[in-house]
Amino acid sequence: MTITYDPKHPMYLDEADTRHELERVYDLCHGCRLCFKFCPSFPTLFSYIDVHDDQDAGKMTPAQQDHVIDECFQCKLCYINCPYTPNQHEWALDFPRLMLRADAMRRENGQMSLRNKLTTAVMGRTDAIGKVATSMGVVTDVVMGAKPGSLIRKVVEKTAGISSVRLLPPFARSRFSTWFKNRPKTTLLNRQAKVAVFPTCLVEYQDPGIGQDLIKVYERNGIECSLAGEAACCGAPFLHSGDVDTFTKIAKKNVKMLADEVRAGNEIVVPQPTCGYVLKKDYVDYVGGADATLVAENTYDAAEYLIRLHKTEGKSLDLNFTGEIPETITYHTPCHLRAQNIGLKSRDLMKLTGAKIKLVQQCSGIDGMWGLRAENAHLSIPIAEKLGQMINDAEGDVVTGDCHLANTAINEQTGKQAFHPLQVVARAYGIQPEEQK
Ligand code: SF4
Ligand code: SF4
């Protein structure tokens, strides 16, 4: 049995070795039980071991092991919670990364269903889908914008495995990068820094308004912005589905492009939590080398970057908020921002406007594609319902969250639109949203 989270390790994809490692970790988690509340994986795991008088994790069948893996949606909350992780304990336990290894092993050994692979192939190709969807307005509205439960969505579920009952984030009519290239030139009065924005496919194709507000807020604060290469997906959908080869191909291309940006004097800014996590952590594991480390060390979440600048000697943010400031803001903290271990920078940023912040720390159960897959809807929806209830209970004047997919789940459950924190800051500056063409 090899304890490894390194995808390049010769035993990484070995089935017997991975299953022994699953047995070791399942046994430790069963004894610990600290993570029972985060997701369905842990209760399922405990139930399979508890039925045996001797509570031996070694008695779990491969199918039972796989059931636990299938219910993990990579929120990383168990990793944050765990006192036995590689850098702090000899058990060297990294549950989410073991689930990634197990998924990759199953894919390598032909144990992933065709349907699962098809859904990954359809939903994972975010750039290809995004380019088509943003250029085919009416067709996109009919197919992708069809109401949950409608006949079209049922056909999409049957063919592509995307749940027919979940609300999907709609596509924009025009891409963020198109807006960025065509906007009037701006002159910075108080130049403080220089960044390259990695827009992520969610901002590029689905909510360009987030990117537009980011650029305007940054430029107001003297931060020169450029686009990081060609707008591209970070590859997370493939990583989280066990398709290590496709992920690594995407990751290598992005690492090269982003490292060049850093060498050109730019820091990298990412407005979506999952993608930021992938650039900071996963590229180091799956690509490795000096360039991946350079990218990781120079990548920031969008709010993290602003707060860091504000705290840098001789630099500061413009605190002249003359626009609309809500009295109270409900702020949902996405799991993948918590996993970045950077503190609550979006909360700190919105606090600067003078608004009172009400925190909601509850997973949305979407985590990339997991919650949108038809086979996971019955597990994911109750998690999203809990989040919706907490958002309603908080009763903030405005609802915010950094993750566009979690925000879509909030909209699905409450009917309320949730905004990215930078959009609230933009409104507080008096910057109005642009009409999305
Ligand atoms: S990463 Fe999240 S979903 Fe996966 S096992 Fe840990 S807590 Fe559960
Ligand atoms: S992941 Fe760590 S903290 Fe969570 S149940 Fe397992 S051993 Fe305990």
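I counted the aromatic pairs in this predicted model and found that the structure holds 12 of them. Because Phe 73 belongs to the loop between α3 (62-70) and α4 (77-81), and Trp 370 to the loop between β6 (356-360) and α20 (377-394), the pair ties together parts 297 residues apart in sequence. I looked up the exposure of both, and Phe 73 and Trp 370 are each buried.

Next I turned to Phe 176 and Phe 180, another tilted pair, with 6.2 Å from centre to centre and 50° between the planes. They stand four residues apart in helix α10 (residues 176-182), so about one helical turn separates them. Phe 176 is buried with a relative accessible area of 0%, and Phe 180 is buried with 12%. Over the ring of Phe 180 I noted the charged end of Arg 183, at 4.4 Å from the ring centre.

I also traced a cluster in which ring pairs link Tyr 26, Phe 42, Phe 46 and Phe 95; Arg 33 lies over the face of Phe 46, 4.6 Å from the centre of that ring.

Finally I checked the ligands. The residues surrounding ligand 1 include Phe 42, Phe 73 and Phe 95, and its shell divides into nine nonpolar, one polar and one charged residue. Around ligand 2 I found Phe 42 again, along with others including Cys 29, Cys 32, Cys 35 and Cys 82; this shell has nine nonpolar residues, with no polar and no charged ones. The space that ligand 2 takes is the largest cavity.

Definitions and conventions. Residues are numbered from 1 along each chain as its sequence is written. Chains are lettered from A and ligands numbered from 1 in the order in which they are written. This is a predicted model: local features need pLDDT of at least 70, side-chain atom pairs count only at pLDDT 80 or more; totals for chains, interfaces and linings use all residues. Side-chain values use heavy atoms; hydrogens and water are left out. A residue is near a molecule or strand if one of its heavy atoms lies within 4 Å of it. On a 1 Å grid over the protein atoms alone, a cavity is a set of points where a 1.4 Å probe fits but cannot get out, and a pocket is an open set with protein on both sides within 12 Å along at least five of seven lines; lining residues have an atom within 4 Å of a point. A molecule sits in a cavity or pocket if more than half of its atoms lie within 2 Å of its grid points. Ala, Val, Leu, Ile, Met, Phe, Trp, Tyr, Cys and Pro count as nonpolar, Asp, Glu, Lys and Arg as charged, and the others, Gly among them, as polar. Rings of Phe, Tyr and Trp (its six-membered ring) pair if their centres lie within 6.5 Å; planes under 30 degrees apart count as stacked, over 60 as edge-to-face and the rest as tilted. Helices (H or I, at least four residues) and strands (E, at least two) are DSSP runs, numbered from the N terminus. Buried means under 20% relative accessible area, exposed over 50%, partly exposed in between (1.4 Å probe, protein chains only). A charge sits over a ring if NZ of Lys or CZ of Arg is within 6 Å of the ring centre and within 35 degrees of the ring normal.
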